[in-house]
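Open the model in your viewer and keep the selection tool at hand. The stops below go from a helix pair to a core and then to a sheet.

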Amino acid sequence: MERKIITTGDGSKTIQISEWDEQYHSKHGAVQEAYHVFIKHGLSLFFGKKVAILEIGFGTGLNALITHIESKKNNTEVAYRGVEAYPVSTEELEQLNYISELKAEEFQKDFEKMHQSPWESDILISENFILEKEQKLFADIADENVFDLVYFDAFGARVQPELWTEEIFLKMYRAMKEGGVLVTYAAKGSVRRAMLAVGFEVERLPWPTGKKRDVKSQKVVF
């Protein structure tokens, strides 16, 4: 499928799959979406603590980069696992402008290390950020009671409905610790019902424009 780099509404770039008319991030703003969904409603709950994060869809590494930046600002120790079946190419990465848009030049080498480091290995990105990348399908995740926080950033249900099913969310539920939190951009009714069916409590949160765009799901604590 054809893939091309596009500029989103906030000036940051992302990758678009033309055949699906689907992007790796919101076309209204890649950086804005990452901060609003995954940092404001996810990582910020763990500032000043140790947190184990699972990202579903490592993709361009934008969420990992911003998590690294914010964890350093807020004295947070992160163990980060990014799962991705189809890694982004070096040529595509070279066209992204996250470092300049974030004014984060001091993190340039860390961002490069995130992408250049080997898969299936624990990599020390900084004193407070350990990264492990796993190249596999989301359906093959079998962890239990490991993660405090899940960034569920798969392609949308419109183009890959198989990633938004009870089967997948049960894997997420089992992978999380008691009281863990899953955050995602999707607010579709079928997604909410799949989450509820496996035991999540679901809260809908407003998008900055007022449109409801993301769902925060908190694991039921028994």
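**Helix pair**

Select residues 30-40, which are helix α1, and residues 62-73, which are helix α2: the two pack at an angle of about 65 degrees, and their axes lie 10 Å apart. Keep in mind that this is a predicted model. Viewed as a crossing, α1 and α2 are right-handed.

Now show the side chains at the contact. From α1, pick Ala 30, Val 31, Ala 34, Tyr 35, Phe 38 and Ile 39. From α2, pick Leu 62, Asn 63, Ile 66, Thr 67 and Glu 70. Colour them by class, and the contact of α1 with α2 shows eight nonpolar, two polar and one charged residues.

**Nonpolar core**

Next, select Phe 152, Trp 164, Phe 169, Met 172 and Phe 200. These residues have the most contacts inside the largest nonpolar core, which has 69 residues. Which element gives the most to this core? Go back to α1: this helix gives the most, with six residues.

**Sheet**

Finally, move to the strands. Three of them form an open sheet, ordered β1-β2-β3, with antiparallel pairing. Select residues 3-7 for β1 and 22-23 for β3; these are the edge strands, and each pairs on one side only.

How values were computed: Residues numbered from 1 in each chain as written. Predicted model: local features only at pLDDT ≥ 70, side-chain atom pairs only at ≥ 80, totals over all residues. Heavy atoms only, no water. Pairing = 2+ DSSP bridges. Helix = DSSP H or I, 4+ residues; strand = E, 2+ residues; numbered from the N terminus. Axes fitted to C-alpha atoms, helices over the stretch in contact; angles between N-to-C directions. Left-handed = near helix turned anticlockwise from the far one by under 90°. Contact = heavy atoms within 4.5 Å. Nonpolar A, V, L, I, M, F, W, Y, C, P; charged D, E, K, R; others polar. Core = buried A, V, L, I, M, F, W, Y, C linked by side-chain atoms within 4.5 Å. Buried < 20%, exposed > 50% of the residue type's maximum accessible area, 1.4 Å probe, protein only.
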